[in-house]
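Good morning, colleagues. I would ask you to keep the sequence and the structure in view while I go through the strands, helices and loops in turn.

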Amino acid sequence: CVDSILSRMPTLPEVLAALERIAPLRLAAEWDAVGLLVTPRRGNVARVLTCLTLTPEVAAEAVRERADLVLTHHPLPFRPVARLTPDTGTGRVLLELVAAGVGVWSSHTAWDSAAGGINQLLAAMIQLEGIAPIEPDREDPQVGFGRVGVAAAGTGLAALARLLAARLAANGVQLVGEPDRDAGRVAIVCGSGGDSVGQVAAAGCQTLVTGEIRLHQAVEARAAGLAVVALGHHASEHFAMAELGRRLAAEVPGVEAIRSRDDRDPLAWL
């Protein structure tokens, strides 16, 4: 009975193989921490909880919802941990999950770059034409870092920003450049895309759509003639984690994907 029920449940290797097909880990940046970060206690995975960031609130939700695995975008742990104690936020979260037998898998830059991943979803959301990676993968040139495409003729910077804000339920959008300028050739780099200003400008783009950009990166963009739409880090990525869960559930019958209700943007607009 119990053993027979468990035997029909998807196994951890089956779930990991499906996630690898959806977001191949080889696409992740060299500095990143992706894949299985905490092994779940059980060898079977029936319920997964998706989130952008694994906070204490999300960890408690995962335990409460009896999830077997958390699919988080941002890795936890991200850097090597010298001590696993409740004295740190990372320690408290990981100890709670380990005690409950809940595993952790991180998609991060692998899901950013994948076919149908975050940057591809954003590019399709604003109906760019001729979508391609900014920096194609060596093995598969259809995927890779970022996306670039051309906005519909006459699409202004402010109109593009308002469309994205509405689709993503963003609380606010920052702009670099005149609101009525033509969006033109648009680069998409979700999350912290400010570091890519030089690369995007060199690729002949007129606009960069990203999550967040620092002051001096904005100055650099303006000097290069590059407009920027900064949607907020959370807004630029959060929506895509539910899609990752849906795709996993479609790939592996028997997996139930739950979208976290406690995964919220820590930055509020007044």
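This is a predicted model: local features need pLDDT of at least 70, side-chain atom pairs count only at pLDDT 80 or more; totals for chains, interfaces and linings use all residues.

Leu-49 stands opposite Ile-258, a residue of strand β13. The strand that holds this pairing together with β13 (residues 256-259) is β2, and the two pair in the parallel sense over four bridges. Strands pair, in the sense used here, if DSSP finds at least two bridges between them.

Residues are numbered from 1 along each chain as its sequence is written, and side-chain values use heavy atoms, with hydrogens and water left out.

To return to β2: this strand also runs parallel to β3, joined to it by four bridges. Here Thr-50 stands opposite Leu-71 of β3. Is β2 enclosed or open? Four of the five residues of β2 (residues 47-51) are buried, so the strand is largely enclosed by the rest of the structure. Buried means under 20% relative accessible area, exposed means over 50%, and partly exposed lies in between, with a 1.4 Å probe and protein chains only.

Right-handed means that, with the strands pointing away from the viewer, the path from the first strand over the helix to the second runs clockwise.

Helix α3 (residues 56-64) packs in turn on helix α4 (residues 89-100), at an angle of about 5° and with the axes 9 Å apart. That makes α3 roughly parallel to α4. The axes are lines fitted to C-alpha atoms, for helices over the stretch in contact, and angles run from 0 to 180 degrees between N-to-C directions. Angles under 35 degrees count as roughly parallel, over 145 as roughly antiparallel, 65 to 115 as roughly perpendicular, and the rest as oblique.

Which residues make this contact? From α3 they are Pro-56, Ala-59, Ala-60, Ala-62 and Val-63, and from α4 they are Val-93, Glu-96, Leu-97 and Ala-100. Contact means heavy atoms within 4.5 Å. By class, there are eight nonpolar residues, no polar residues and one charged residue. Ala, Val, Leu, Ile, Met, Phe, Trp, Tyr, Cys and Pro count as nonpolar, Asp, Glu, Lys and Arg as charged, and the others, Gly among them, as polar.

I turn now to another sheet. Six strands form an open sheet with mixed pairing, in the order β5-β8-β10-β11-β12-β9. The edges are β5 (129-132) and β9 (174-176), each with a single partner strand, so one side of each is left without a neighbour in the sheet. From one strand to the next, the twist averages 20°.

Within this sheet, β11 (residues 207-212) is mostly covered, with five of its six residues buried. On one hand, β11 runs parallel to β10 (residues 185-192), with five bridges between them. In that pairing, Val-189 stands opposite Thr-210, and Ser-192 has Glu-212 as its bridge partner. The chain passes from β10 through helix α8 (residues 197-202) to β11, in a right-handed β-α-β crossover.

On the other hand, β11 runs parallel to β12 (residues 227-230) through four bridges, and Thr-207 has Ala-227 as its bridge partner.

Finally, some individual loop residues. Ala-114 is found between α5 (108-113) and α6 (118-125), and at 0% relative accessibility it counts as buried. Beyond its neighbours within four places in sequence, Ala-114 is in contact with residues including Ile-22, Pro-24, Val-143 and Arg-147.

Where does a positive phi occur in a residue other than glycine? Arg-66 is one such case, with phi near 55°. Arg-66 lies in the loop between α3 and β3 and counts as exposed at 71% relative accessibility. Gln-127 also has a phi near 55°; Gln-127 lies in the loop between α6 and β5 and is exposed at 63% relative accessibility.

My last item is the peptide bond from Leu-76 to Pro-77, which is cis, with omega near 0°. Pro-77 is found in the loop between β3 (69-72) and α4.
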